[in-house]
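Keep the structure open as you read.

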Amino acid sequence: MEPRDLSAHVAYEAGRGVEEVARDLGLDPESLVKLSSNENAYGPSPKAADAIREYASRVHTYPKSSAADLRERLADRWAVTPEQIWPANGGDGALDYLARAMLDPGDSVLVPNPGFAYYGMSARYHHGTVNEYPVRRENDFAQNPDTVLPHYNGERIIYLTSPHNPSGSEVSLSDIEAIADGTDDETLIVVDEAYGEFSQSPTTTALVEERDDVAVLRTFSKAYGLAGVRLGYAIVPDEWA
Ligand SMILES: *Cc1c(COP(=O)(O)O)cnc(C)c1O
């Protein structure tokens, strides 16, 4: 038996752990702060730790199948309906849901380079192919109609990251709209706001309410210091939520 052709896939290379690096360099692990995976160096809120501890003795039963309470709270937070909130195993899991919902075999996606590796990985898992647009220092690392649309070739999903990892550049709402206007009706613009809490700019969620071709990604991993809980979500348009 042969597994499917996986030759186009690239392995995810996670940031190395503190113990590993300390051992290699002969340093005290306590003297190092790990920044390589953008985890919150301060740890989670003590209230979050309490909530996890309190729930620990009840993990033998399955959780609420539709995460009803969480979705309701998040829907309130973003002024959308609970159906529009897709909680998942981290933002990565929400990217998988979006790829699963959108990609037919052979469809392609357009991703920033450099950029978050999981956009392309998830597309390939879902039998999609991956094209790139460059994010360059000469353009102040901009993701805008001038830097993205020349590389657009009918892809089903375009990923924008705002603030961008690794450069920190941001995409304005008017540029997101212009990119969405400049692409086919059947092209979805996913705006990854994994670092949205670190920005003063308005969230893209307003656009999700106005049009059916923009979705937003959010996560509890970074600002909330809950990377190990694996909790993120997509906010998607009502039309197809
Ligand atoms: C960390 C990160 C995510 C999602 O991470 P999860 O831990 O799966 O929620 C998504 N996009 C970017 C740009 C990130 O840096």
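One term before we start: a residue is called exposed when its relative accessible area is over 50%, buried when that area is under 20%, and partly exposed in between. Bear in mind too that what you are looking at is a predicted model.

Start with the core. The largest nonpolar core has 27 residues, and those with the most contacts inside it are Ile85, Ile158, Leu160, Ile176, Ile189, Val214 and Ile235.

Now zoom in on Ile85.

Next, the loops. As a rule, most residues other than glycine have a negative phi, and most peptide bonds are trans. The loop between β4 and α7 is worth a look here, as it holds Pro163 and also Pro166. The Ser162 to Pro163 peptide bond is cis, with omega near -5°. Asn165 and Pro166 are likewise joined by a cis peptide bond, this time with omega at about 15°.

Ser199, in the loop between β5 and α8, touches Pro163 and Glu170, if you don't count residues up to four places away in sequence. Is Ser199 buried or exposed? Its relative accessibility is 15%, so Ser199 counts as buried. A polar atom of the Ser199 side chain lies 2.9 Å from the backbone nitrogen of Ser201.

Finally, check the phi angles. Asn38, in the loop between α1 (18–25) and α2 (46–55), isn't a glycine but has a positive phi of about 55°. Ala79, in the loop between α3 and β1 (85–89), is not a glycine either, and has a positive phi of about 55°. As for accessibility, Asn38 comes out at 32%, so it counts as partly exposed. Ala79 has a relative accessible area of 58%, and since the cut-off for exposed is over 50%, Ala79 is exposed.

Terms used. Residues numbered from 1 in each chain as written. Predicted model: local features only at pLDDT ≥ 70, side-chain atom pairs only at ≥ 80, totals over all residues. Heavy atoms only, no water. Core = buried A, V, L, I, M, F, W, Y, C linked by side-chain atoms within 4.5 Å. Buried < 20%, exposed > 50% of the residue type's maximum accessible area, 1.4 Å probe, protein only. Helix = DSSP H or I, 4+ residues; strand = E, 2+ residues; numbered from the N terminus. Polar contact = N/O pair within 3.5 Å; in protein donor to acceptor, adjacent residues only side chain to side chain. Contact = heavy atoms within 4.5 Å.
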